[in-house]
Amino acid sequence: MGNGTLPRQARTAPPAGTSDAPRATGEAARATGETPRATGEAPQAERGKTMRLLRTARGDVIRVEVADSFLRRFCGLMLRRALPADGGLLLAPCASIHMCFMRFAIDAVYLDDACRILKIAPRLLPWLGLSCCRGAWGCLELPAGAAARLGLAVGERLSADA
């Protein structure tokens with residue numbers, strides 16, 4: 001992929017309310033007057049994140065953190081306590097995942113380079129789960145049960161909110 005963050009159909013300017021620039025948190029937020037985000041994650045977790053919004057076919061929105069560098073993909077969700085209910089982590093490029101050092105179960109949604117769902121691996125267990133999908137461009141990791149709650153299905157296309 002050219003820019004490595006989203007597949008060709010989803011390459012657009014950041015959606016309203018998101019930015020490639022890190023958001024001010026903690027002391028920096030107080031100094032600049034910006035309000036820190038209330039997501040339940042530690043302020044340090046916000047630094048350097050690339051956030052995007054993905055929309056499902058039925059219109060639900062998923063707040064996605066993009067892991068498009070080797071280090072971000074390598075760390076993934078390891079050692080994190082949880083994902084936000086409306087959030088996920090997009091590993092790109094990625095065609096397989098493991099659950100080592102994970103504290104919670106996830107749904108793995110494999111996408112091709114047009115953001116079409118190729119495979120859904122529901123409720124992968126921490127420490128025990130492994131999953132792969134031949135030909136996948138990326139893997140969207142969601143909280144366990146989120147794929148069913150969102151009505152995601154193989155063949156459905158996710159789109160970037162503009």
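**A strand inside a sheet**

Guide: In this predicted model, 5 of the 5 residues of β3 are buried (under 20% relative accessible area, with a 1.4 Å probe and protein chains only), so β3 is largely enclosed by the rest of the structure. Strands here are DSSP runs of E with at least two residues, numbered from the N terminus. Residues are numbered from 1 along each chain as its sequence is written. Because the model is predicted, local features need pLDDT of at least 70 and side-chain atom pairs count only at pLDDT 80 or more, while totals for chains, interfaces and linings use all residues, and side-chain values use heavy atoms, with hydrogens and water left out.

Visitor: Which residues of β3 lie on one side, and which on the other?

Guide: Gly87, Leu89 and Leu91 are on one side, Gly88 and Leu90 are on the other, and all are buried, which leaves both faces covered.

Visitor: In what sense does β3 pair with β2, and in what sense with β8?

Guide: Strands of a sheet pair through backbone hydrogen bonds, either parallel or antiparallel. Two strands count as paired if DSSP finds at least two bridges between them. Here β2 (residues 61-67) and β3 (residues 87-91) are parallel over 5 bridges, with Val64 as bridge partner of Gly88 and Glu65 opposite Leu89. Toward β8 (residues 138-143), β3 pairs in the antiparallel sense over 3 bridges, and Leu89 stands opposite Glu141.

Methods: Helices (H or I, at least four residues) and strands (E, at least two) are DSSP runs, numbered from the N terminus. Buried means under 20% relative accessible area, exposed over 50%, partly exposed in between (1.4 Å probe, protein chains only).
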